[in-house]
Amino acid sequence: MAMKQSVRDQIRKNICYELKNIHIGGSDHPVVWRVKLPMVEPNIIKWLNSIPVFPRFYWSDRTGTLDVASAGQALQIKLTERADNLDVFGKIRNILAGSHPETRFYGGMRFDPARSAGTEWEPYGSYYFFIPRLEMIRKEDETDFIYNFVLTRKNPNVADIITELETLVDTAGTASEAKWIPISWSERFDSPDIPGWQKNIEKALDYIHQGILDKIVLARRTHLQFQQEIDPLILFEKMLEKYSNSFCFYFQLQHNLSFLGVTPELLYSRNQEQLFSEAIAGTRPRSEDPVEDERLAKELAENRKEIDEHGWVLNEVEKNLENLCVSSRRLSNNTIMKQTYVQHLYAQFKGVLKADIFDNHILEALHPTPAVAGSPQKTAVRYISDLEEFDRGWYGGPIGWVSGSSSTFAVAIRSALLQARQMFIYAGAGIVKESRADEEWQEIENKIMNYTRLITAK
């Protein structure tokens, strides 16, 4: 359906008003500006599915107060070779400095940018951040439609901007009404398999007993093959219904390639000089029986192996916050975070950042946490590369968004890559001296069920 004349007129009015307030100056960096219109709250997932451009990105927080859907890109920063956080976030910071103050980059990075990418992960690169062309943002009960456009020193042509926006919106189809159809996989491959997993655990425990490592997080990749393609956005919509108490993310580069997940873990959130972070580790399944569920929670809270595993994460986060902040404190300690199918030990932190600390410094300090890598951090990452035969890709990496005044990144665990008729599911377990291979295998199975239960459920 074509854009209504009243909406077109309002956009034209807003663009003309915004252009009067822009000072491009002499910077060589592009300037990104935006127009915003309040909308009657739609189903923004269905809106996203109706926009015929890529990439598509969706983000929602754990509280249910923020949902973001975006499509197309006004500007991107993508690196396929090895780079460091300073290179990437220096570019981001320079662009944001001259752009509209509410402009956001969305995206993320690989768990280990130094490792060569597997074929399935190559399109995502080492880092991929972009400013979308179109955004739909819901905060609380208000929803805004945003159109981002890039300006240069040459005077922008308002008519061209309107025409481009009309073309994007007018080509949007009717919101998808497709419903989920349960599907079974034709083949399943686990990397490593059970014997390979047992060998990896034996090697990891040997490193721990030698004092080389205190903890290492080892992951598995479950590769499912199907007879037909799965609609990734319909699957993700089904996930949102089940896992509303998680950070939910969806990053679709093209029709048949999507990275998505439901993660309980916040890496950090920055609001001006305020910094928030968390420590999550230790796992027990949930039970539909309230008495049994509480028994499992109590067992988790009192289990020495789980307490030690969580302790490595606590200590590392506290040490890093001391380096980043003029002051920091723990807001909670060893409480239980209950997810849909699993529960974890959990603690929160708050700090006040030192002067001249930016997102690249925070990411360099906090990623990867002992919850996804181990301790000591650099040693654990090196041994993960030696022990795991598959590429983690963006699994375990930071994913989220960054603006000039704030940023939020979650840890992309409980995640999967959908590629045509294939799904790669990733999950890991923390290995400490008390770990047993069979128990850690089952812990990962519980996490993988985030997907296998959904795929086969009606």
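What volume does the largest cavity have?

1. Some ground rules come before the answer. This is a predicted model, in which local features need pLDDT of at least 70, side-chain atom pairs count only at pLDDT 80 or more, and totals for chains, interfaces and linings use all residues. Residues are numbered from 1 along each chain as its sequence is written, and side-chain values use heavy atoms, with hydrogens and water left out.

2. The largest cavity has a volume of about 220 Å³. A cavity here is a set of points, on a 1 Å grid over the protein atoms alone, where a 1.4 Å probe fits but cannot get out, and lining residues have an atom within 4 Å of a point. The volume is the space filled by probe spheres set on the points. In total there are 4 cavities of 30 Å³ or more.

3. Around the largest cavity stand 22 lining residues, with Ala-371, Ile-413, Arg-414, Gly-428 and Lys-447 nearest its centre. Strand 10 (215–225), strand 14 (274–285), strand 22 (422–431) and helix 11 (437–456) each give two or more residues to this lining. Helices (H or I, at least four residues) and strands (E, at least two) are DSSP runs, numbered from the N terminus.

4. The second largest cavity has a volume of about 80 Å³. Its lining includes Arg-110, Phe-111, Asp-391 and Arg-392. Two of these names come up together again: Arg-392 lies over the face of Phe-111, at 4.5 Å from the ring centre. Likewise, Arg-104 lies over the face of Trp-401, at 3.7 Å from the ring centre. For such a contact, NZ of Lys or CZ of Arg must be within 6 Å of the ring centre and within 35 degrees of the ring normal.

5. Now to the rings themselves: the whole structure holds 27 aromatic pairs. Rings of Phe, Tyr and Trp (its six-membered ring) pair if their centres lie within 6.5 Å; planes under 30 degrees apart count as stacked, over 60 as edge-to-face and the rest as tilted. Trp-121 and Phe-259 are edge-to-face, because their centres are 5.2 Å apart and their planes at 75°. Both residues are buried (under 20% relative accessible area; exposed is over 50%, partly exposed in between, with a 1.4 Å probe and protein chains only).

6. Tyr-124 and Phe-251 also pair edge-to-face, at 5.5 Å centre to centre and 80° between the planes. Tyr-124 lies in the loop between strand 5 and strand 6 and Phe-251 in strand 11 (residues 247–254), so the pair ties together parts 127 residues apart in sequence. Tyr-124 counts as buried at 0% relative accessibility, and Phe-251 is buried with a relative accessible area of 0%.

Methods. On a 1 Å grid over the protein atoms alone, a cavity is a set of points where a 1.4 Å probe fits but cannot get out, and a pocket is an open set with protein on both sides within 12 Å along at least five of seven lines; lining residues have an atom within 4 Å of a point.
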